[in-house]
2 protein chains.
Amino acid sequence: MDKHLYHTFHALGDATRLAVVEQLLKGPASVSELAGPHDMALPAFTKHLRVLEGAGLISSQKKGRVRTCFIQAPTMCDLHEWFALRQRMWEARLDNLAAYVEDNGKG
Amino acid sequence: MDKHLYHTFHALGDATRLAVVEQLLKGPASVSELAGPHDMALPAFTKHLRVLEGAGLISSQKKGRVRTCFIQAPTMCDLHEWFALRQRMWEARLDNLAAYVEDNGKG
DNA sequence: TAATAACTTAACCAAATGGATAAGCATTTA
DNA sequence: TAAATGCTTATCCATTTGGTTAAGTTATTA
């Protein structure tokens, strides 16, 4: 579903959606349980759920009237790995700005 | 600058900006070096740089006519840590959907 | 000093986003 | 079977976003 990493980051780039992800990390929940803490009407909220689902961050299953949502572990894993693979690169750049300023003067 | 994590994710949630971050992980670069690969006019591109800078993902320093940009390691570190601290939570949920489907039937 | 290079500012625009309300549709519950 | 629950669909709207062009400013270079 989600070939591009920036789609996944985009899905996390909203206060409501990030909170939903945090809540689902604690365990599955229904749409109304997830919506509860957020001050908005359901149609607006379910749009956020669709963005998260489109990004592969959550999945859901409807049983009767109730839709239950789940975190998608593999996508979380992919994101985590993206950082893990790059950690040494930013560590290598840790002092770059400082070094640059020192070499060239501050003005 | 960036109290909320979703601001940082939002900054990474765009193809151009994510590419800039990837490029800066390899080392500092000027605005035009960064803009080179991207098919857009400079004013549009520098808006992306301002979003990244506002999110604390990059910093920059102007020397003469040239502005040089740097990755901000501490913010990358914060993001990485957010995932690291939650890894066990999504691992614990790995089989949740499968288990749910099995318990409740697939219909 | 004239021209060029590297941005920067300002004004504008189309499309996407995040929200609303109203109405509809299954599924439980009384 | 009537009412309530838990979404879902459709339509609409203001604001934000991601882009444009034009013009300006500050270094460098010829």
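This is a predicted model: local features need pLDDT of at least 70, side-chain atom pairs count only at pLDDT 80 or more; totals for chains, interfaces and linings use all residues.
Residues are numbered from 1 along each chain as written, with chains lettered from A and ligands numbered from 1 in the order in which they are written.

Helices H3 (31-35) and H4 (42-54) and strand E3 (66-71) of chain A, plus helix H4 (42-54) of chain B, each supply at least two residues of that surface (helices, H or I, at least four residues, and strands, E, at least two, are DSSP runs numbered from the N terminus). H4(B) gives the largest share, 5 residues.

As for the two chains, 36 residues of chain A are in contact with 35 of chain B, contact being C-beta atoms, placed from the backbone, within 7 Å. On the chain A side, H5(A) gives the most, with 10 residues.

Then there's the largest nonpolar core, 40 residues, where Leu52(A), Ile58(A), Leu52(B) and Ile58(B) touch the most other members. H4(A) brings the largest share of this core, 4 residues. Such a core joins buried Ala, Val, Leu, Ile, Met, Phe, Trp, Tyr and Cys residues through C-beta atoms within 7 Å; buried means 20 or more other C-beta atoms within 10 Å of the residue's own, placed from the backbone. Beyond neighbours within four places in sequence, Leu52(B) is in contact with residues including Arg17(B) and Val20(B), both of them buried in H2(B).

Conventions:
A residue is buried if 20 or more other C-beta atoms lie within 10 Å of its own, exposed if 12 or fewer, and partly exposed in between; C-beta atoms are placed from the backbone.
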